[in-house]
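Please look over the sequence and the fold below before reading the notes that accompany them.

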Amino acid sequence: MTTDASARAIKPELLRTYTEDFNKDRANLIAADAAVSAGVLKAATDYRGVRALPRDFSIELKQGSITNQERSGRCWMFASLNTLRYELMHRWNLEDFEFSETYLFFWDAMEKSNTYLENVLRTLDEATDSRLFEAINWGPSDDGGWWQMFAALVNKYGLVPKSAYPESENSRNSDDFKQYLNSKLREFAAELRRRSAAGAGEDELRTLKDEYMGTVYRICAVSLGEPPEKFDFFARTKDDAEDDKKCDGKDESCKCEDKSDAKACKCDKNKDKTGKDERPQIREIGITPLEFYKKYVPVDVNDFVTLANAPLKSRPFNQRYRIRFSANVVEAGDMEFVNVPLDVFKKAALDQLTAGHPIWFACDCTQFALRKDGFFDQSVVRVDQLFGTEFTGDKAHGLEYGDSPSNHAMTFTGVNLGEDGKPNRWKVENSWGKDAGKDGYYVMSDAWFDRYVTELIIRKEYLDDATRALLTTEPVEIDPWQPLTRRCR
């Protein structure tokens with residue numbers, strides 16, 4: 001390539017050509033008026049695309065109230081808990097339920113801090129500007145994560161209902177808390193490396209690390225409050241549908257004198273009811289978080305597998321992979337996934353939803369998306385028409401060039417099947433509150449699924465035999481800076 005500065009510069013004569021071409025095309029002027037006044041996304045919204053994605057689904061799961069991660073990077077945790085609360089609610093016949101996201105947030109901060117310091121001890125010989133140390137040091141205790149991080153926390157610490165450990169200002173808006181926690185952790189890392197260079201042995205460094213973790217606990221407890229060791233749990237189950245049954249004049253237990261007015265008459269079993277809430281109760285006094293998880297959550301977090309669809313030459317399909325230095329709980333081990341073709345990927349999702357179970361998934365939520373209106377679809381967000389240029393990058397391009405990495409986790413709670421039995425749109429439960437999307441839910445086109453959904457968490461029972469067999473193979477290790485390693489926020 002030439003080193004001549006004039007050849008590399010933007011030439012004035014070209015700028016004159018650009019502006020002449022821009023101004024002589026009426027479509028450019030209309031597009032500019034719309035985009036400058038309303039913003040790119042509003043100006044690019046295609047009403048025909050919106051109408052082509054109605055919000056009804058042939059398969060739909062009944063979920064609880066919409067949750068809200070607010071100004072934090074806990075999407076992966078919210079999506080994980082949303083999949084579990086669905087199972088809990090339907091197992092115990094509850095109208096609604098929400099786990100405490102803050103409880104796991106506390107322990108995630110503790111565990112990530114410990115793992116960071118352990119990783120510092122593992123890499124004492126690495127230069128601070130090495131690619132590996134930069135990856136380790138990038139966000140020592142940042143908010144993001146994956147399903148397997150969630151599973152590691154649940155296995156070790158259990159779960160609690162939101163009433164036992166509610167939100168705090170620093171869980172709702174985590175930036176300040178995590179900024180100073182990360183700053184302190186990096187100070188600790190520098191001192192560990194300095195002591196090591198001065199000749200300190202492993203036992204001395206580990207003792208120092210344990211002291212540092214006392215400071216980490218204090219920062220977490222001041223910011224979030226201490227988590228409960230035990231708590232009380234109280235819930236009421238839903239009313240039996242039979243309790244509100246009207247008398248039809250045929251039920252022998254119905255003693256209405258005037259059978260002709262059956263609509264106004266209720267059966268005797270409801271006749272003497274007062275305003276007292278007589279629904280069955282669930283009561284637990286002094287239960288631990290691990291006891292609560294094991295007793296009330298009807299699924300095992302270890303029975304799920306991370307499937308990826310990453311069509312990269314460097315990541316052959318039908319292979320198990322492990323990401324180095326990716327653990328949050330150090331003793332739980334690094335994150336793993338199985339990379340599979342799109343047809344296998346999608347069939348697993350359809351089988352699990354059809355069987356009545358929601359799905360944790362990860363994607364790039366920023367591409368061709370309307371956050372406020374709740375659409376994920378390239379036919380809705382027509383930036384190609386607005387800018388007069390096609391966007392032709394495929395899934396492999398988006399991953400390889402870092403244009404569309406996974407950056408958000410949500411939950412599939414429905415899908416619509418066309419006359420051919422194939423999916424054409426998906427129902428998405430988000431964690432951005434009920435004012436985002438349609439009452440907190442989004443609709444995703446099947447084409448968008450194919451292009452931007454990269455990870456699914458699937459129960460082992462819905463894997464095909466070939467994929468299940470891969471779980472026993474030796475994983476290929478990949479580095480923490482490679483595609484599919486960015487944590488969802």
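## Basis of the model

This is a predicted model, in which local features need pLDDT of at least 70 and side-chain atom pairs count only at pLDDT 80 or more, while totals for chains, interfaces and linings use all residues. Residues are numbered from 1 along each chain as its sequence is written, and side-chain values use heavy atoms, with hydrogens and water left out.

## Annotated site

An unreviewed UniProt entry gives the annotation "active site" to Cys75, His408 and Asn430. These residues span 356 residues in sequence, yet no two of their C-alpha atoms are more than 9.7 Å apart, so they gather at one spot. UniProt positions are given in the numbering used here, feature names are shortened, and annotations may be inferred rather than shown by experiment.

Cys75 lies in helix 6 (residues 75-92) and His408 in strand 10 (residues 408-417), where helices (H or I, at least four residues) and strands (E, at least two) are DSSP runs numbered from the N terminus. Cys75 counts as buried because its relative accessibility is 0%, and His408 is likewise buried at 2%; buried means under 20% relative accessible area, exposed over 50% and partly exposed in between, with a 1.4 Å probe and protein chains only. Leaving aside neighbours within four places in sequence, Cys75 is in contact (heavy atoms within 4.5 Å) with residues including His408, Cys488 and Arg489.

## Helix 12

The 23 residues of helix 12 (residues 202-224) should span 33 Å, and its end C-alpha atoms are 32 Å apart, which agrees; the expected span is 1.5 Å times one less than the number of residues. Its buried residues, among them Leu205, Tyr212 and Leu224, pack against helix 7 (101-122), helix 10 (169-172) and helix 11 (175-197).
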